[in-house]
Amino acid sequence: MLDIAVYNSHQHEQTRHHGLVALAPDAAGAWRIVRPPDVPTEGDRIECIPTSSGHEIRIACDYVDDAVTGSSIELNGLLRLRLGQTHIELRGMNNRPKRSVGTLDAAAYQELRDPKQGGPAPATLGRWFEALTKLHRCTAGRADLFEQAAGFVIDPMGLDGGMILRRSGDDWQVVASDLPRPELGICFDVELVEQAAREQRTLFHHEPDEGLSVLVSPLMNRGHRVEWAVYAYRALHNENSRRGVRYLEAHLVELLAGSVRSALDRLSAEANAARRRATLLQSFEPNVVEQVELSATTLAGTEREITVLFADLRGFATLCEQLPTCDTYALLNDVMNALTAAVMSHGGTLIDYYGDGLAAMWNAPIDQPRHPQLACRAAFDMLDSLPGVSDGWQHALAAPLQLGIGIHTGRAQVGNIGSTLRLKYGPRGSTVNLASRLEQATKIVGAPILVTREVASQLSSEFIDYRVCQADLAGMQQSVDLFAICRSRNDEQLLAAITRYESALELYEAGDLENAQAQLATLAHDADVPVSFLRAQINHEVHRRLGRRASDEYINNAIQLNGK
């Protein structure tokens, strides 16, 4: 077996191999491990060939320090090479020295402790714990956290190399490192890391030695499985005569590992909270999201009065047949952006998108006084936004975009109708169904907005409402009074048209079809009331009465609006 490590300013990798392998630079200049049959036969490369006693290292590079291209080296232990700014380290398993390791057992430490060895000065301890506190409070991302942790063992601790390792299957990967003097070592001791992970405790070389003195502190996840490890070493060199790792230093690295674990947990919790907040903001306005974050029961299932709005784009199926797919989705996205903005700007909660429309509600999950008023304001903002969208697509549209909106207020069961994996907060029940039927009825009636009496009765003088008809709607057991609404304005012509329409409707429902027709005859076809709709209903009833006896009573006032 052979451990191969590669290190430079943008790369630090270590892998374990059996059999023939080679190192060769890729197109970006990074040295990579290459296995048969991809081992190159020309160009820069370092071949590692197994032998009975170890490995034969064949070098085919012109810029290897302390080695001649074409040379062959018998590797029995450790070989370090430098290729420009890249350091390569090869460690064979044969003749690897065995060293005893210490643990953070206080009793064992007292036996091993050299009474002549002094401890760090108070100022040094202060710098250690100040840096550890900063790391514990780290608000940077995971990558920056690991970089800071690897650097901590260098400054302020004074060791010579630091790495953060992550378990990847049966192997370990370097995710961050700080090696001011890589010529001292870029490899980590796989066996010692595995032992520390297996025993789930900090291990270190406490005895003085001419070689590297290593310490490893494992990090366990919430499932008590070792997932990460802090790896550090001290080397004997001309700027450091200290040998071995001291007990207090090992203890500090264990505290470092604990701080990294705490910071990882906090970063994970913050990331989860950010993802949840982003998900909530897709459906709720910020003040609702804040309430949800303060109380987990805010989205719990409950029954309450709500106002539900359904909006649907007219004639979109035809547009889909005429436009390229990319344009269809781009146009639909523009429309949904406009409709969603109208909902959110008036405190609405987005329930869902349905094909070429959407559904929204008010007064859930938090109380909203005068929620019917808010829904109607959003409806008119939707209508106001469509001309702008149409103008942007006039090159592709044969006619301006049109919208149908239905609004109903009633009691409903409200809660998370999604799953534990995906939030989908919304209502269930007949209130939702009725709002949907109203939106469908706008196609037949020809009014852009239809509401129920429960909505109209709660509107202020900001709006004018009038009854359009009494209708039988699909799926509804009882007939429903449909109302149209418009913004209040000083328009005598509009008010006169509404008065005549209401008079004609009253005559129609009383069975006086002749006078009902006479009232409508005074209204223009393009008046701001659904003249064509009521005229068609009157004509239908006139034809239905042909052949009936005059004594037959006019019984049903409800107009059948069961179509979609």
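How many bridges join strand 1 to strand 2? In this predicted model, the count is 7, linking strand 1 (residues 2-8) to strand 2, and the two run antiparallel. One spot to look at is Ala5, whose bridge partner in strand 2 is Gln14.

Both strands belong to an open sheet of 4 strands, ordered 2-1-9-8 with antiparallel pairing. Strand 2 (11-17) and strand 8 (78-83) sit at the edges with a single partner strand each, so one side of each has no neighbour in the sheet. From one strand to the next, the twist averages 10°.

## His87 in strand 9

Now to strand 9 (residues 86-92), which is where His87 lies. Is His87 buried or exposed? Its relative accessibility is 10%, and because the cut-off for buried is under 20%, His87 counts as buried.

Leaving aside residues up to four places away in sequence, His87 touches Ala5, Val6, Tyr7, Leu81, Arg82, Pro182, Glu183 and Ile186. The C-alpha atoms of His87 and Asn8 are separated by 6.3 Å, although these residues are 79 apart along the chain.

Strand 13 (residues 213-220) and strand 14 (residues 226-234) pair in the antiparallel sense over 8 bridges; Ser213, for instance, has Arg234 of strand 14 as its bridge partner.

## Helix 8 against helix 9

The crossing of helix 8 past helix 9 is right-handed.

Which residues make the contact? From helix 8 come Leu331, Asp334, Val335, Ala338, Leu339, Ala342, Val343 and Ser345, while helix 9 brings Ala378, Asp381, Met382, Ser385 and Val389. By type, the residues of this contact split into 9 nonpolar, 2 polar and 2 charged.

Most peptide bonds are trans, and most residues other than glycine have a negative phi. Here are a few spots that go the other way. Pro36 and Pro37 are joined by a cis peptide bond with omega at about 5°, and Pro37 is in the loop between strand 4 (31-34) and strand 5 (45-50). A cis peptide bond also joins Ala364 and Pro365, with omega at about 10°.

Pro365 lies in the loop between strand 17 (357-362) and helix 9. Arg370 lies in the loop between strand 17 and helix 9 as well; this non-glycine residue has a positive phi of about 55° and is partly exposed, with a relative accessible area of 49%. Gln200, not a glycine either, has a positive phi of about 55°. Gln200 is in the loop between helix 4 and strand 12, and is partly exposed at a relative accessible area of 39%.

Definitions and conventions: Residues are numbered from 1 along each chain as its sequence is written. This is a predicted model: local features need pLDDT of at least 70, side-chain atom pairs count only at pLDDT 80 or more; totals for chains, interfaces and linings use all residues. Side-chain values use heavy atoms; hydrogens and water are left out. A crossing is left-handed if the near helix is turned anticlockwise from the far one by less than a right angle, and right-handed if clockwise. Contact means heavy atoms within 4.5 Å. Ala, Val, Leu, Ile, Met, Phe, Trp, Tyr, Cys and Pro count as nonpolar, Asp, Glu, Lys and Arg as charged, and the others, Gly among them, as polar. Two strands pair if DSSP finds at least two bridges between them. Axes are lines fitted to C-alpha atoms, for helices over the stretch in contact, and angles run from 0 to 180 degrees between N-to-C directions. Buried means under 20% relative accessible area, exposed over 50%, partly exposed in between (1.4 Å probe, protein chains only).
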